[in-house]
Amino acid sequence: MAGPVVRGPVGRLLERWGLNGGGFAHGVHPPPHKELTAHLPTRRLPFPDEVVLPIRQHAGKPARPIVERGDRVERGDLVAESQGFVSSPIHASAAGTVADVDFWPHPDGSWEQAIRIRVDRFSTQLPRPRLVPRWETLDPSELVDAIRRAGVVGLGGAAFPTHVKLSPPPEYPIDTVLVNGSECEPYLTTDHRTMVEFPERVHLGLRVMMRALGVERGVIGVELNKPDAIEALRRSAPTDLDVSVVGLTVKYPQGAEKMLIRSLLGREVPGGSLPMHVGTLVQNVSSVATIAEVFETGLPLVERIVTVTGRGVRSPANLIVPVGTKLRDLLEHCGGLTPDAREIVFGGPMMGGSVAHLDAPLLKGTTGVVVLTEADVRVPESYPCIRCGRCLDACPLFLNPQLLANLARSGRWDEMEDAHLADCMLCGCCAYVCPSNIPLAQLFRLSKDAVRRKRTVAA
Amino acid sequence: MEIGAVLGAAAILGGIGIVFAVLIAVAHRTFWVWEDPRLDEVAAMLPGSNCGACGEPGCRAFAEALVEGRLQPAACTSMGEAEVEAVADYLGVEAGEANHQVARLLCAGGSHVAAQQAEYRGLPTCAAAAVVAKGGKGCPWGCFGLDDCEVACTFDAIVMSRVGLPVVIPELCTACGDCVEACPQGLFTLMPSDHSLLVQCRNLVHGDEAEEMCTVACNGCARCVQDAAPELIRMEHGLAVIDYSRIDLAEPSATERCPTGAIIWLEGMQFPAESRLTGSLT
């Protein structure tokens, strides 16, 4: 649904309502800070001495470890098997010996069961030959199964198992596969570098997905601030498939599923519904490239591209790292922290989570490591709500954050549900624009937890 | 205006009034239910805090249970002995065995003994800290000390100490369970106040790793298991777990060789009573 883009103040006015070059209404424009790493080619991180693979690094049920202390594993070997449909297996990201299967710091602050592998320094790190079959010979259901076995999950942050997305119920036919290359979070350039350096992989991954779903049409959406990525994707686009690359308005949260569907197809996803209910499916561009990568190399998902950035790290970089690399090793490779570094965030600053432990490992879903300085994280004093309504104008889902916050403060969860708390995706636009610095997104996160707890108690 | 119209209107309204009055009178007679007159009296004698510690949904329901004889007055934990006696006298029943329960915290890791991994600057509630890297606390199973339980407690029975631990005052605690629900770490448990043996720790890692997180953590050495009566204490994931069905066998000797003091023999209050309040006064 992309149309012509008007520049200048008129354009900005139109864009607020999603009328400039297609797009969604509301949203915010946080400073992008992408200049730190956008131009840096990806490099490979040398294998660290130890990798740590927590059994919970995807949405759904944690995996179950199948190795024991002392076991020898090669790169790509299965070390934890998936439990149930919404779960994902985990593979060794480096050859070595299992040092332990025990509690280890998890990026979310808890200590979780994790498989620690002491990396064999003399190994060539070559995988066993072809653990993932070739895709050309597989029929759709075999493709989905191969993707499941390869442990592919969404690399955009939530780490939702990809095979679940690729198995929609038959009553909801999918007509278009959307690839999310907008990367609207500030600082992160993981998807950007993937598109610039591996555009063929993006197209191959999309081809595999379209084949698995039996879909004829694919659309790749990229924010207009990445002209080199758009250029690279257009140049390598296949001629035998209906695949288009569409430039999108630069606005947060352009990469949110519902916003992207609105921008690319002009379809509205009703509250409480999923993309498949409107006949589409959205997959992050890095995940799409990973699908291609596992079929190309025959190696399951054992490494990913991570942006290490922020003004608190000495030499920002885009790195290809083994899953399970400890934050400490990663930061050391990037020259260490500056003296004024204060907070480390996994993911982007809008939706990512702070990490308290330097031994916490990078997970499959870790898009980036942002090190913020004292100036970035200064917590301004919070004042009472002045009912200015800016949060209403910012919320891309047209919720009423001001009302929700009042209800959250007094613990009126039932009324919050009536005010569509469930539709809130915690993008943080409301908190970003609030002149009283009310931590709205944090309040909603807690409310969602409280509602969930209440449900489990009731059940 | 004719006086007839006024009188007519008055007659119609009055007539409707009389019809409804008769209807209400009939309904009152037909649907009248006998209620034990003692119910209101007993309900008035109860504390009226609707805390739910007796297991009934509020004081009125508890009064019904008393009048029916389903429960004994002592099941109410928020009344004093004299009040329990008064209710028992009024109903002419036994006061019953007072099974006084209190809330105990399964953590002793105040800021003086537990390591802090990072500084937390978010919303000052435990629920908020729990989702932001566990508030940066070194031990992810421990108490954040941000007073969600103190706020939740209806009876002011919880006071935060200077080292950030909730001190439960046993005399005021009615074991209503509000703190159990409020704690995002699930650290509160309700137990009879005469159960003296308690493991004040939920840390699941072993040995030095546990002690690095907190000097009073259970490091899983299992000395208490050896010193206690058979099967009273067992080790689970490097944590001593007490089987309270065998609590009668408990002796203080089980706690004597504990190198960290994670298992304690408890009488009365769990932590020293010095509160933030008294701290600021002295």
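Q: How far apart do the C-alpha centres of domain 2 of chain A and domain 3 of chain A lie?
A: In this predicted model, the C-alpha centres of these two domains of chain A lie 32 Å apart; domain 2 covers 43-130 + 300-375, and domain 3 covers 390-458.

Q: What makes β13 and β14 of chain A a pair of strands, and in which sense do they run?
A: Two strands count as paired if there are at least two bridges between them. Strand β13 (residues 303-309) and strand β14 (residues 317-322) of chain A are joined over six bridges, in the antiparallel sense, and therefore meet that criterion. Within this part of the model, Val308(A) stands opposite Ala317(A) in β14(A).

Q: Why are β1 and β16 of chain A called edge strands?
A: The open sheet of six strands in chain A has the order β1-β14-β13-β17-β15-β16, with mixed pairing. Both β1 (43-44) and β16 pair on one side only, and they are accordingly the edge strands.

Q: Which strands of the sheet does helix α4 of chain A touch?
A: Helix α4 (residues 190-197) of chain A packs on the sheet by touching β13, β14 and β17 (368-373), and its direction makes about 125 degrees with that of β13(A).

Q: What makes residues of chain A and chain B count as being in contact, and how many are involved?
A: The criterion is that their C-beta atoms, placed from the backbone, lie within 7 Å, and by it 16 residues of chain A are in contact with 15 residues of chain B. On the side of chain A that touches chain B, the largest share, four residues, comes from α15(A), and by class this side has seven nonpolar, six polar and three charged residues.

Conventions:
Residues are numbered from 1 along each chain as its sequence is written. Chains are lettered from A and ligands numbered from 1 in the order in which they are written. This is a predicted model: local features need pLDDT of at least 70, side-chain atom pairs count only at pLDDT 80 or more; totals for chains, interfaces and linings use all residues. Domain bounds come from an automatic or database domain assignment. Two residues are in contact if their C-beta atoms, placed from the backbone, lie within 7 Å. Helices (H or I, at least four residues) and strands (E, at least two) are DSSP runs, numbered from the N terminus. Ala, Val, Leu, Ile, Met, Phe, Trp, Tyr, Cys and Pro count as nonpolar, Asp, Glu, Lys and Arg as charged, and the others, Gly among them, as polar. Axes are lines fitted to C-alpha atoms, for helices over the stretch in contact, and angles run from 0 to 180 degrees between N-to-C directions.
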